[in-house]
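Dear colleague,

Please find below the structure that I am handing over to you.

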Amino acid sequence: MNQNPYEIIQNECPEVAARFNDLIEAQKALKGLDAKSKQLINIAIQTANRNPRGVQMHAMMAKNEGATRDEIVGAVVLNLHHSGFASVLDCLPAAIKGFEGKF
């Protein structure tokens, strides 16, 4: 089994990882959006960046925040006219795996 890339950066560059975690916590604390909406936005952003691993991780987090499968799939497919069919095809399977708790 491959090591999680996030764990690798934590082991190799602990101070950088700690500062990154601080940034994430600051973003989580932003007012205006609930946690589920933030995760769905993250899924859309990761899809636009063609990052299936990011989609998968945020799909798991979105489900934990109460997102439905349809909401998660919708966050991916929303990118169809923005970032193209290839991005959606790359990321949709990862979103479903993440929703199913697979990593």
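In what follows, a residue counts as buried under 20% relative accessible area, as exposed over 50%, and as partly exposed in between. Please note that this is a predicted model.

I begin with the surface. Val 77, Leu 80, Phe 85 and Leu 89 make a nonpolar patch of about 370 Å². One of these residues, Leu 80, belongs to helix 6, which covers residues 80–83. Leu 80 has a relative accessible area of 40%, and is therefore partly exposed.

The next point concerns the largest pocket, which holds about 890 Å³ of space. Its lining consists of 27 residues, and those closest to the centre of the pocket are Ile 24, Gln 39, Asn 42, His 58 and Met 61. At least two lining residues are supplied by each of helix 1 (5–12), helix 2 (14–28), helix 3 (35–48) and helix 4 (52–64). Helix 3 gives the largest share, with seven residues.

Finally, I would draw your attention to a residue in the loop between helix 3 and helix 4, namely Arg 50. Although Arg 50 is not a glycine, it has a positive phi of about 50 degrees.

Yours sincerely

Methods:
Residues numbered from 1 in each chain as written. Predicted model: local features only at pLDDT ≥ 70, side-chain atom pairs only at ≥ 80, totals over all residues. Heavy atoms only, no water. Patch = residues over 30% accessible without salt bridge, like charges linked within 9 Å, V, L, I, M, F, W, Y side chains within 5 Å. Areas by Shrake-Rupley, 256 points an atom, 1.4 Å probe, with all protein chains shown as cover. Salt bridge = Lys/Arg side-chain N within 4 Å of Asp/Glu carboxyl O. Helix = DSSP H or I, 4+ residues; strand = E, 2+ residues; numbered from the N terminus. Buried < 20%, exposed > 50% of the residue type's maximum accessible area, 1.4 Å probe, protein only. 1 Å grid on protein atoms, 1.4 Å probe; cavity = no way out; pocket = protein on both sides within 12 Å on 5 of 7 lines; lining within 4 Å. Points joined across faces, edges and corners; volume = space filled by probe spheres on them.
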